[in-house]
Amino acid sequence: MGYNPENPLIVQSDMSVLLETMGPHYEDARAFINQFAELTKSPEYLHTYTITPLSLWNAASAGITLQQISDGFEKFAKYDVPGNVITEIKELLGRFGTIKLLKREDDGELMLACQTLFVAEEILAAPAVREFLGTRISELEILVQPGTRGRLKQALIKQGYPVEDLAGFIEGDALDVSFREVTTRGRPFHIREYQHEAAEMFYCGGAATGGSGVLVLPCGAGKTIIGITAMTMVKQKTLILTTNVTALRQWKSEIVDKTTLAADQVGEYSGEEKNVCPVTVSTYQILTYRDRKTDDFPHMELFDAHNWGLIIYDEVHMLPAPVFRAVADIQAKRRLGLTATLVREDGKEEDVFSLIGPKRYDKPWKELESQGWIAEAICTEVRIPMSDELKLEYAVADLRAKYRLSMENPLKLTVVQQLLERHKGDRVLIIGQYLGQLAQIQKLTQAPIITGQTPNSEREEIFGKFKAGDMNVLIVSKVANFAIDLPDANVAIQISGTYRSRQEETQRLGRVLRPKADGSSAWFYSVVTKDSKDQECAKKRSLFLTEQGYRYCIQVLSCSDIESAPIVDANPLTADSAEESVTIPK
């Protein structure tokens, strides 16, 4: 291949890949590398990706082949690809399917079928795996201890062997459900092509090769509709788990509006109501509720008390640890995960892969934007200084205080006022982490505020007024990280966040991505204290969105800018009190 100066990829022997952002083939090369590598650094002109075992196993499960990767390197690499990289990719890709989990036809017992004798011997010798295995019935086949299907898959992936689970599923109670052509609100309704395609990639016509996995699509792309589409394919009793009561009721409303199910066939299982129906929608909070830390989780029995044929995990990247433990024991039920990003800041992506299933579908954000299915987003990072007094306090503060001092910089309040003046008449969300900071903004703006302490009835009333246009500005805390449907919001101003959380940044942008009736753009501002821990966090937070092709315009303000002038249009200088539960990064 030699040297091609126009190509933007530089593949390195340590399995990292550099991507130059300024060349003519940047966009195509970024779409290629995103299929099997993870973005780890994103300075303006040179992004760094890392090829990991999990990124390759997700690629393999989605049908990406070694030949496709080799052809892409041939097309986009600036220099010859080191030979060890292709060898390593071949070996790791080949591990997906090396071990298959099957159900024996004669007695229905589960067994592992290994591709080679070496693999069989290696897993038998691993203590963390051996406890879940039974009798060895041939050189390459080993029985599985009853009830350990999920925990075995978790143990094997930690040994470097992602299991291809072909053991099939127990059928749930039948449910006759299909889409309406006209909704109950009298509007014509049609499934978008990509929504049907995503659901079919999960269901696979009912074959054992499908029925478990994760679908990754942008916020605003209609993941709820995709979940309902899967319901119409499976046609069995369904349990849906989501992040909060507001999202729960949005699911119920969409199901009743767009399917043939009656309202009394769709139940709510929450802290306020416990009504189990053929389709039941619950929350992670109620499932993980218990009086004391030493108690059992009383509501986890919801998983087993009914013959569900499908369980849908909305915002699967938020799945709490107790639910993971429960999922490990219900591997015989079809499992669908929905998310905008598989990124988990706790590093449990392997558990999502093992217990919910591999990534089955991943739709690039910019592709849906170009097709008009989500709004075009203009992302701006507004960097502001500290006052002299704050600089001195920051200089001598400990690590936790540095984060908080920089994120709660009082000058942010003035910048928010200026941004509101600029976007007068727009529908604006002001999003932050610290409740004291949000209370100050409420005092300045007189806008309503929603936090984790706001009762559900009050939340729904405020959200309803915002949707109806009775108010143009809404202040929200971490509740904005979750599935809330505010289709007319077109401006988000982020003033503080959960340290370096990429998933949070993604969810917050998603609040303004639903397409606008007039085709207008969405605006996402992140107000950051420059030369501080706040700016360090902002760089990490933006990684996933950068990976999707978003470029943050950087606007640097001085103290005099903030004191004397309104915010002007962002100039892309580059090509690109109390708090709600957080854990300080190490």
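I take two strands as paired if DSSP finds at least two bridges between them. Helices (H or I, at least four residues) and strands (E, at least two) are DSSP runs, numbered from the N terminus.

The model is predicted: local features need pLDDT of at least 70, side-chain atom pairs count only at pLDDT 80 or more, and totals for chains, interfaces and linings use all residues. Residues are numbered from 1 along each chain as its sequence is written, and side-chain values use heavy atoms, without hydrogens and water.

I looked up an open sheet of four strands; its order is 1-2-4-3 and the pairing is antiparallel. At the edges I found strand 1 (9-11) and strand 3 (38-41), each pairing on one side only. Strand 1 is joined to strand 2 (residues 16-20) by three bridges, and the two run antiparallel. Val11 has Val17 of strand 2 opposite.

**Whole chain.** I counted 23 helices and 23 strands in the protein chain. Its radius of gyration (over C-alpha atoms) is 25 Å, close to the 25 Å from the globule rule for 586 residues, so the chain is as compact as a globular protein of that length. The rule is 2.2 Å times the number of residues to the power 0.38. Along the principal axes, the C-alpha atoms fill a box of roughly 80 × 65 × 50 Å.

**Burial and charge.** I noted that 57% of the 586 residues are buried, meaning under 20% relative accessible area (1.4 Å probe, protein chains only). For the 66 positive (Lys and Arg) and 80 negative (Asp and Glu) charges, the mean positions lie 2 Å apart, with each charge placed at NZ of Lys, CZ of Arg, CG of Asp or CD of Glu. His and the chain ends are not counted.

Conventions:
Buried < 20%, exposed > 50% of the residue type's maximum accessible area, 1.4 Å probe, protein only.
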